Amino acid sequence: MIITGCKNEESLKHKIGFSQCISKDDWRKAMDHEMEVEASLYEDIDLTIFQGNEDVELQKSQIEFMIDNEFDVIIVSPR
């Protein structure tokens with residue numbers, strides 16, 4: 001006997017958003033890379049990194065976007 005089930009993969013994903021304030025220096029680039037590597041180890045994690053480029057208004061709009069799009073976790077490295 002074979003039993004199968006249906007599951008909605010989309011609903012099982014956890015959306016994580018990260019607004020990075022500065023992306024120019026090597027330390028910040030390494031931070032982004034490490035987060036991407038760690039998130040890639042888990043099928044249920046969908047990580048999106050937003051670059052704030054030292055712009056407070058851009059970061060605010062990124063945070064609003066993540067809220068509007070119901071991200072499960074929002075990480076902010078503020079300017």
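Predicted model: local features only at pLDDT ≥ 70, side-chain atom pairs only at ≥ 80, totals over all residues.
View 1. Residues are numbered from 1 along each chain as its sequence is written, and side-chain values use heavy atoms, with hydrogens and water left out.

**View 2. Glu54 and Lys24, a salt bridge between two loops.** By the salt-bridge rule, the count comes to 2, and here the side chains of Glu54 and Lys24 meet at 3.3 Å, N to O. Glu54 belongs to the loop between strand E2 (45–51) and helix H3 (56–68), while Lys24 is in the loop between strand E1 (14–20) and helix H2 (26–40), so the pair ties together parts that are 30 residues apart in sequence. (Those labels are DSSP runs numbered from the N terminus: helices, H or I, have at least four residues, and strands, E, at least two.) Lys24 is exposed at 63% relative accessible area, whereas Glu54, at 33%, is partly exposed.

**View 3. The sheet, with strand order E2-E1-E3.** It's an open sheet of 3 strands with parallel pairing; two strands pair if DSSP finds at least two bridges between them. E2 and E3 stand at the edges with a single partner strand each, so one side of each has no neighbour in the sheet. Neighbouring strands are turned by 15° against each other on average, direction ignored; the axes behind that angle are lines fitted to C-alpha atoms (for helices, over the stretch in contact), and angles run from 0 to 180 degrees between N-to-C directions.

**View 4. Strand E1 and its two partners.** E1 is mostly covered, with 5 of its 7 residues buried. It runs parallel to E2, joined by 7 bridges, and Lys15 stands opposite Asp46 in E2. The chain gets from E1 to E2 through H2, and this β-α-β crossover is right-handed: with the strands pointing away from the viewer, the path from the first strand over the helix to the second runs clockwise. E1 and E3 (residues 73–77) also pair in the parallel sense, over 5 bridges, with Ile16 opposite Val73 in E3.

**View 5. A nonpolar surface patch of Ile67, Ile74 and Val76.** The patch covers about 230 Å². Patch members have over 30% relative accessible area and no salt bridge; nonpolar side chains (Val, Leu, Ile, Met, Phe, Trp, Tyr) are joined within 5 Å, like charges within 9 Å. Areas come from the Shrake-Rupley method with a 1.4 Å probe; for residues, only the protein chains shown count as cover. Ile67, in helix H3, is exposed at 53%.

Definitions and conventions: Salt bridge = Lys/Arg side-chain N within 4 Å of Asp/Glu carboxyl O. Buried < 20%, exposed > 50% of the residue type's maximum accessible area, 1.4 Å probe, protein only.
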